[in-house]
Amino acid sequence: MRCQVCRKIFSLIDKPTPRQRSAHKNRQILTLLLNKMPFARICEACDITMSTLYGKIDFFHRQVLAFAAVREQRMLQGFKKNRLYLATDRQDYVVNWTCRADKRNVTLGAVATADLQSGYVFGMHLNYDAGLDRNAVEAAAKQLGDPQTPSAFRRYARLWLESDYQRSVNDTLNRRQARGGQNDPAAVYADSAARQDPESSEEYDQGRKLPDQGMQVHSEYTLYAHFLLLRQLFRGVGKARFYILDP
């Protein structure tokens with residue numbers, strides 16, 4: 001094609017599989033993945049390398065996101081209601097340990113909102129940022145003095161730092177020792193009242209740890225970002241009532 005302004009010739013990519021040498025194997029690889037075949041067996045059956053398989057998985061992920069984006073955009077453009085009833089809930093996901101020498105689990109939390117009538121999930125956000133380098137953030141936070149600064153005035157206030165984790169573990173251990181192992185309701189309520197932030201749902205002990213890769217985000221920041229995105233999404237749609245179902 002030729003540009004009508006600068007008269008330069010260019011070509012457009014009209015296929016979703018540019019530069020793929022084994023695009024004809026995509027259907028077979030996807031079928032094997034959906035049938036939960038081990039990665040090593042897929043590489044053997046399809047005569048591909050492990051790096052090629054991971055590249056295919058990334059390609060399938062991009063295609064699924066693009067497909068969902070087009071369908072949801074069409075749905076939301078015609079989505080007109082006088083009143084919306086939305087339900088919001090939070091769930092915790094326990095990630096299993098990856099090293100025998102350290103069997104502590106990583107617990108991540110997600111918040112989701114769905115329409116009560118249709119069951120459509122408008123958004124689900126995880127308190128985790130995979131695009132950050134943990135060592136770099138920890139070094140920058142230490143240089144800025146974040147560990148000694150109140151959380152509201154930190155540069156990296158939304159992230160769980162190693163100092164925050166150690167403080168949470170120590171506070172939990174001290175409260176449990178003061179409680180003396182009592183599990184009656186009065187002791188449990190007293191333990192909750194003694195927490196530094198009783199409204200926070202996050203609490204670490206010696207059996208949990210922070211992610212080794214990426215960084216965990218404080219749940220209150222994830223919850224705020226979730227509702228901020230919903231407000232942008234439903235601006236001008238009408239009234240929306242939020243029922244927070246948090247046991």
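**Notes on a predicted model**

1. Start with a charge and a ring: R155 holds its charged end over the ring of Y156, 5.1 Å from the ring centre. The rule here asks for NZ of Lys or CZ of Arg within 6 Å of the ring centre and within 35 degrees of the ring normal. Before going on, keep in mind that this is a predicted model, where local features need pLDDT of at least 70, side-chain atom pairs count only at pLDDT 80 or more, and totals for chains, interfaces and linings use all residues. Residues are numbered from 1 along each chain as its sequence is written, and side-chain values use heavy atoms, with hydrogens and water left out.

2. Next, R154. You'll find R154 in the loop between helix 4 (134-144) and helix 5 (162-179); helices are DSSP runs of H or I with at least four residues, numbered from the N terminus. R154 has a relative accessible area of 12%, so it is buried (buried is under 20%, exposed over 50%, partly exposed in between, with a 1.4 Å probe and protein chains only).

3. What does the side chain of R154 reach at 2.9 Å? That would be the backbone oxygen of T149. The side chains of R154 and D164 are also joined by a polar contact, again of 2.9 Å. A polar contact is a pair of N or O atoms within 3.5 Å; within protein, one must be able to donate a hydrogen and the other to accept it, and residues adjacent in sequence count only if both atoms are side-chain atoms. Leaving aside residues up to four places away in sequence, R154 touches D146, P147, T149, L161, D164 and R167, where contact means heavy atoms within 4.5 Å.

4. Now the aromatics. Rings of Phe, Tyr and Trp (its six-membered ring) pair if their centres lie within 6.5 Å; planes under 30 degrees apart are stacked, over 60 edge-to-face, and the rest tilted. That rule gives 3 aromatic pairs. One of them is F59 with F60: ring centres 5.8 Å apart and planes at 55°, so the pair is tilted. Both F59 and F60 are buried.

5. Y120 and F122 make an edge-to-face pair, 5.1 Å centre to centre with 80° between the planes. Y120 is partly exposed at 22% relative accessible area, whereas F122, at 14%, counts as buried.

6. Last, helix 7. Buried residues in helix 7 are S219, T222, H226 and L230. They cover an arc of only 70° around the axis, so they lie on the same side of helix 7; the arc is that of the directions from the helix axis to the C-beta atoms. Exposed Y224 and R231 are on the face turned away from that buried side.

Technical notes. Helix = DSSP H or I, 4+ residues; strand = E, 2+ residues; numbered from the N terminus.
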